[in-house]
Amino acid sequence: MANEVERLEKRMVELNNDLQNKKTNPDFAFENIKSVDMLLKIIINLNKYDDVEDGIYLYIDDSGIINAEYFIKEDGEVTIVSFNEEQLALVVELYSDVFAVNVE
């Protein structure tokens with residue numbers, strides 16, 4: 001845990017330095033900021049009754065929906081099932097217009 005905290009502190013110093021550079025130099029392009037590919041996880045809750053809740057996890061990158069999983073939570077236990085290709089195609093058709101990612 002200590003290593004993770006140290007890494008976070010180091011990362012925050014780097015980000016703060018880059019922000020200060022941007023304030024003093026408007027042309028600063030944040031080129032030194034290390035980044036990762038974007039992946040969003042959206043939770044769609046379908047039903048909740050008694051102690052049972054189910055829904056869909058959508059995973060979206062800049063190209064759109066790339067994966068989806070069905071989940072059910074019952075009595076504190078969570079079960080997650082990945083959609084097969086046919087099911088995923090249906091989910092993409094149903095939700096791709098609703099959840100679009102615009103990356104600049």
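Residues 24 or more positions apart make up 24% of the protein's contacts with a separation of 6 or more, where contact means heavy atoms within 4.5 Å. What you're looking at is a predicted model, in which local features need pLDDT of at least 70, side-chain atom pairs count only at pLDDT 80 or more, and totals for chains, interfaces and linings use all residues. Residues are numbered from 1 along each chain as its sequence is written, and side-chain values use heavy atoms, with hydrogens and water left out.

**Overall layout and confidence**

- The protein has two helices and four strands, taken as DSSP runs (helices H or I, at least four residues; strands E, at least two) and numbered from the N terminus.
- Reading from the N terminus, the order of elements is α-β-β-β-β-α.
- The average pLDDT (the predictor's confidence in each residue, from 0 to 100) is 84, and 87% of the residues score at least 70.
- Confidence is lowest in helix α1 (residues 2-24), with a mean of 85, and highest in β4, at 93.
- Of the 104 residues, 20% count as buried; that label means under 20% relative accessible area, while exposed means over 50% and partly exposed is in between (1.4 Å probe, protein chains only).

- Four strands form an open sheet in the order β1-β2-β3-β4, with antiparallel pairing; two strands pair if DSSP finds at least two bridges between them.
- β1 (40-49) and β4 are the edge strands, each pairing on one side only.
- From one strand to the next, the twist averages 20°, using axes that are lines fitted to C-alpha atoms (for helices over the stretch in contact), with angles from 0 to 180 degrees between N-to-C directions.
- β2 and β3 pair in the antiparallel sense over 10 bridges, and K73 in β3 is the bridge partner of E53.
- β3 and β4 (residues 77-82) are also antiparallel, over six bridges, with E74 opposite E77 in β4.

**Helix and core**

- α2 lies across β1, β2, β3 and β4, at about 105° to β3.
- The largest nonpolar core has nine residues: I44, I56, L58, I60, I65, A68, L88, V91 and Y95. Such a core is a set of buried Ala, Val, Leu, Ile, Met, Phe, Trp, Tyr and Cys residues joined through side-chain atoms within 4.5 Å.
- β2 (52-61), β3 and α2 (85-95) are the elements giving two or more residues to this core.
- Leaving aside neighbours within four places in sequence, V91 is in contact with L58, I65, A68, F83 and S96.

**A closer look at I66**

- I66 sits in strand β3 (residues 64-74) and counts as partly exposed because its relative accessibility is 40%.
- Beyond neighbours within four places in sequence, I66 is in contact with L39, Y59, D61 and L88.

**Two loop aspartates**

- D50 is in the loop between β1 and β2, and has a positive phi of about 50° although it isn't a glycine. D50 counts as exposed because its relative accessibility is 76%.
- D75 is in the loop between β3 and β4, a hairpin with two residues between the strands, and takes a positive phi near 50°. D75 is exposed too, with a relative accessible area of 60%.
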